[in-house]
Structures are given as structure tokens and as C-alpha cells.
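Biologist: Show me the model, please. I want to ask what lies behind the words used for it.

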Amino acid sequence: MLHWIDDITRFIFLEDQTKPVDILFIPGNGHAEPSELAARLYHQGLAPLILPSGRYAIGSGAFSGQKSGGREYIGRFLTEWAFMRHVLMENGVPESAILREDEATYTYQNAIYSRRRTDAEHIAVRHAIICCMPVHARRAKMYYQTLYPDAELLLCPAPDAEIRKDNWMFEPEGIDTVLGELERCGGQFHDILKELML
């Protein structure tokens, strides 16, 4: 395999060993797998709280429904947060453990508004796990680390996603998706990095 494919794979697809943390974050999405994963981690006792974040994608103007997952979740969901909350509760997470953030319309806002929410609740986030789709791991880490610079953020991608580190380079959709993420990791951080460093 070409070495640069390995480099891209290592950059995009992050995964850490899990351990007990203060909170589980789920960046906004319409995939069931990250919320199902967060529910499993919650039941393992790894965190007392879960914070799904998301209204809907900025370009869509409405939540477009479930995108993937082995189980179909039935309901009328106005926001990504409402969908993720439903998935969590259908997988046994009590409503009292789920925080609400349903205004964010893109990933950086997921991080910004999650920070506002944890600050408002006086939650000191020293350690957290981000549950996401595998291909979104790097960008989620970059945004959330920007808003939680002193926290240890562990990436726990959904293991049953279609596009994974071992197969993305063998299908056109995988190639387009991963290289698109690579472009966004550069393209979306020009102003953020200048604000942080200059």
C-alpha cells in the first residue's frame, strides 16, 4: 500500500482506549451508531452524563432523518439532538443522564455550544470521550480540543460504521468521504488557528 494512504488513515481515524470520564460527547449527526455506542459506554459505568449536540446541518434547514444504523428508530425528530436522545433512551439511558444542546448546525458549533452547556451546568470536564463516526474522529477532536484545551479527550468511534480505517481506500464513496474530511480539516481551520496563535 502507498505510504501516504497510511499517513491519511492515521491522521483521520483516531481511536483511544476508554476509561472512566466526566462526560460523553456526541457531535451532531443522523447516524444511530455513535449514540448506540455512547449508551453502551454509559451502561459500562464510564460516564454519568451524555451530551449530544446538534440542531441540523446548516445547509439543510431541517433534520433529514436517520442516515445509518442496523436498527431503525421510528419517530418524528425535529433536531439531531432529539434523534440522538431517542436512540440513547431506546438503549436504556435514563433521561436524567442526557444533557440538551439542540442549536448547533455544524461541528465547530457542536463544540462551542457543548462548552457553553457544561459551563452553565458547572461541570468540570477534565476527561471526556467523544463518540462519533470513525471518519469524523480527527475533526471532532480538533474542534472539541479547541474548546476544552485542558481536558483529556478520548476518541471512541462507532465500530460498526460502513467507512472504516481498514476499507476506505477500496471504494469510491470511502475515498471521497475520507479525502473530503482531510480537506475540511485544513479548510475549516484557517481562521480558528489564526485566532489561537496570532
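The talk below turns to the sheet and then to one helix.

Modeller: This is a predicted model, where local features need pLDDT of at least 70, side-chain atom pairs count only at pLDDT 80 or more, and totals for chains, interfaces and linings use all residues. Residues are numbered from 1 along each chain, and side-chain values use heavy atoms, without hydrogens and water.

Biologist: What makes β3 and β4 a pair?

Modeller: Two strands pair if DSSP finds at least two bridges between them. Strands are DSSP runs of E, at least two residues, and helices are runs of H or I, at least four, numbered from the N terminus. Six bridges join β3 (residues 127-132) to β4, so they pair by that rule. In this pairing H127 stands opposite E152.

Biologist: Why are β2 and β4 said to stand at the edges?

Modeller: The order in the open sheet is β2-β1-β3-β4. β2 (50-52) and β4 (152-157) each have a single partner strand, so one side of each lacks a neighbour in the sheet.

Biologist: Why is the span of α6 called close to the expected one?

Modeller: The expected span is 1.5 Å times one less than the number of residues. Helix α6 (residues 172-187) has 16 residues, and both its reach and the expected value are 22 Å.

Biologist: How do you know that the buried residues of α6 line one face?

Modeller: Buried means under 20% relative accessible area, exposed over 50%, and partly exposed in between (1.4 Å probe, protein chains only). G174, V178, G180, E181 and C185 are buried. They fall within an arc of 155° down the axis of α6, so they line one face. The arc uses directions from the helix axis to the C-beta atoms. On the other side, P172, D176 and E183 are exposed.
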